Amino acid sequence: MLSPLLPLLNSGRSPPLPPRFQQTRFQQRITQSGNLLEVWAQNPWRRLSLLLIVLLSGFVVGGGIGSITGALSLFDPLGALVCVLAIELAARLRGRLLSQPLKLRLQVLDMARMGLLYGLLLDGFKLL
């Protein structure tokens with residue numbers, strides 16, 4: 001299986017790179033969406049409403065995960081593991097976002113984390 005690559009390995013050259021994907025309007029919009037959202041959220045009321053929507057969405061997801069796994073009572077450890085992994089990944093991603101100039105992404109991530117955690121905690125206190 002390595003026989004076609006042996007001449008390249010012996011010569012020290014690397015195999016040719018695959019061609020780059022075509023730059024479509026959709027792909028350009030996806031890559032520019034963060035910047036467009038940052039420009040849109042320059043208004044403090046828009047920024048506040050966006051962060052509040054993300055916070056409440058995280059709260060709903062956290063409450064939903066807690067309620068669903070509690071009702072099934074089969075997936076409690078798995079649901080807890082998924083939530084802990086999501087919160088830990090968000091905490092690790094936060095360190096990378098601190099160095100970027102766009103602070104809206106960091107604020108959205110923090111609000112989603114807080115909403116998820118608050119939803120889980122409130123659902124846990126319902127059980128007491």
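These legends accompany close-up views of a predicted model of one protein chain.

**View 1. Confidence along the chain.** The protein chain has a mean pLDDT of 81, and 85% of its residues reach 70 or more. Among its elements, helix α3 (residues 44-72) has the highest mean pLDDT, 90, while helix α1 (residues 6-11) has the lowest, 53.

**View 2. The largest pocket and its centre.** Here we zoom in on the largest pocket, with a volume of about 230 Å³. Its lining is made up of 14 residues, and those closest to the centre are Gly-66, Thr-69, Gly-70, Asp-123 and Leu-127.

**View 3. Helices around the largest pocket.** Three helices, α3, α4 (76-97) and α5 (104-126), each supply at least two residues of the lining. The biggest share comes from α3, which gives five residues. Sorted by class, the lining of the largest pocket holds six polar, five nonpolar and three charged residues.

**View 4. A nonpolar patch on the surface.** Next comes a surface patch formed by Ile-68, Leu-72, Leu-74, Phe-75, Leu-78, Leu-81, Val-82 and Leu-85. Together these nonpolar residues have about 790 Å² of accessible area. The elements giving two or more residues to the nonpolar patch are α3 and α4.

Notes
Residues are numbered from 1 along each chain as its sequence is written. This is a predicted model: local features need pLDDT of at least 70, side-chain atom pairs count only at pLDDT 80 or more; totals for chains, interfaces and linings use all residues. Side-chain values use heavy atoms; hydrogens and water are left out. pLDDT is the predictor's confidence in each residue, from 0 to 100. Helices (H or I, at least four residues) and strands (E, at least two) are DSSP runs, numbered from the N terminus. On a 1 Å grid over the protein atoms alone, a cavity is a set of points where a 1.4 Å probe fits but cannot get out, and a pocket is an open set with protein on both sides within 12 Å along at least five of seven lines; lining residues have an atom within 4 Å of a point. Grid points are joined across faces, edges and corners, and a volume is the space filled by probe spheres set on the points. Ala, Val, Leu, Ile, Met, Phe, Trp, Tyr, Cys and Pro count as nonpolar, Asp, Glu, Lys and Arg as charged, and the others, Gly among them, as polar. Patches are made of residues with over 30% relative accessible area and no salt bridge: like charges are joined within 9 Å, nonpolar side chains (Val, Leu, Ile, Met, Phe, Trp, Tyr) within 5 Å. Accessible areas come from the Shrake-Rupley method with a 1.4 Å probe; for residues, only the protein chains shown count as cover. A salt bridge is a side-chain nitrogen of Lys or Arg within 4 Å of a carboxyl oxygen of Asp or Glu.
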